[in-house]
Amino acid sequence: MDQNSLSALAADLTSGAVRIVDLSVTLSSQTPILVLPEEFGWGKSWPFSKEEISRYDERGPAWYWNNICCGEHTGTHFDAPIHWVTGKDHQHHATDTLPVENFVAPCVVIDAVAESQADPDFLMTVDFVKQWESEHGEIPRGAWVLYHTDWSKRESASDFLNRDSDGLHNPGWDPATVIFLAEERQIIGVGTETVGTDAGQASAQEPQFPCHNLMHGANKCGLASLANLDQLPPTGAILIAAPLKIEEGSGSPCRVLALVGASDQ
Ligand code: 23J
Ligand code: MN
């Protein structure tokens, strides 16, 4: 690493020329969690909860702390390739073994706000990505691709999950787009504002859950329940997203941050 670029970054952080944007949601008992279609009989992820151990009281006069409890895929969280059966045989595919280079990398932000507003089941196509690339340049190898929908602005859990008798309705991916991003662009992974990285109706897609199936099959990662993507430029930001080092973890809640040049927003 060039010593000068780090000292330039340090100066830019101090002066405010580089801003830090928090892309994470708050973890609370109200944080929406994925509801899988019940007819599959699939297990349920625990919502976030915390239990006070002591708070400057008889249980601990000078200290406050909690026990916490949740599924690995709760709130703003990381999906490791081992999460999906298609990713199970890769090397270094779990939260404790993924190369740390995945955790600090450039990101591009693809704006599909209007499309997601018009159609909650919008699926991003390869043509849509190529149209974005014609305006902003080719997605660089080794970048995160963030899917900007403004879905995180849906304040109530029911608006966010957008569930009806068919299940959830939120934007996702045409399977060909996932293959294009993984193979032609060699991205690190994709990040979405929705509860998971796939469309709400992804259990009806072919393959089922194409983003999970194909991204993790290609040893790529995912980030879900991101917020504040409207504060990022289409290109030029740096993403920091490091999952907890859970032994053989499939993912973990994480604090996701972006470094943004102040003149870039
Ligand atoms: C398990 C099964 C299906 C899905 C998911 C988890 C997620 O979205 C997740 O959080 O990884 S779609
Ligand atoms: Mn997940």
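The model is predicted.

Histidine 73 is buried, with a relative accessible area of 17%. Histidine 77 is buried too, at 3%. Buried means under 20% relative accessible area, exposed over 50%, and partly exposed in between (1.4 Å probe, protein chains only).

## Negative patch

Asp119, Asp121, Asp164 and Asp166 gather in a surface patch of negative charge. A patch takes residues with over 30% relative accessible area and no salt bridge; like charges are joined within 9 Å, and nonpolar side chains (Val, Leu, Ile, Met, Phe, Trp, Tyr) within 5 Å. A salt bridge is a side-chain nitrogen of Lys or Arg within 4 Å of a carboxyl oxygen of Asp or Glu.

Aspartate 121 sits in the loop between α2 (113–118) and β6 (123–124). Its relative accessible area is 31%, so aspartate 121 counts as partly exposed. Helices (H or I, at least four residues) and strands (E, at least two) are DSSP runs, numbered from the N terminus.

## Backbone features in loops

Glutamate 206 and proline 207 are joined by a cis peptide bond, with omega at about -5 degrees. Proline 207 belongs to the loop between β11 (189–192) and α6 (210–217).

Histidine 92 is not a glycine, yet has a positive phi of about 50 degrees. This histidine 92 lies in the loop between β4 (77–79) and β5 (104–111). It is partly exposed, at 47% relative accessible area. Asparagine 228 also has a positive phi, near 65 degrees. Its loop runs between β12 (221–224) and β13 (237–241). Asparagine 228 is partly exposed, at 28%.

## A buried tyrosine

Tyrosine 147 is part of strand β7 (residues 144–148). With 2% relative accessibility, tyrosine 147 is buried. Tyrosine 147 and alanine 10 are 137 residues apart in sequence and 29 Å apart in space, C-alpha to C-alpha.

## Conventions

Residues are numbered from 1 along each chain as its sequence is written, while chains are lettered from A and ligands numbered from 1 in the order in which they are written. Local features need pLDDT of at least 70, side-chain atom pairs count only at pLDDT 80 or more, totals for chains, interfaces and linings use all residues, and side-chain values use heavy atoms, leaving out hydrogens and water.

Notes
Accessible areas come from the Shrake-Rupley method with a 1.4 Å probe; for residues, only the protein chains shown count as cover. Lys and Arg count as positive and Asp and Glu as negative; His and the chain ends are not counted. The place of a charge is taken as NZ of Lys, CZ of Arg, CG of Asp or CD of Glu.
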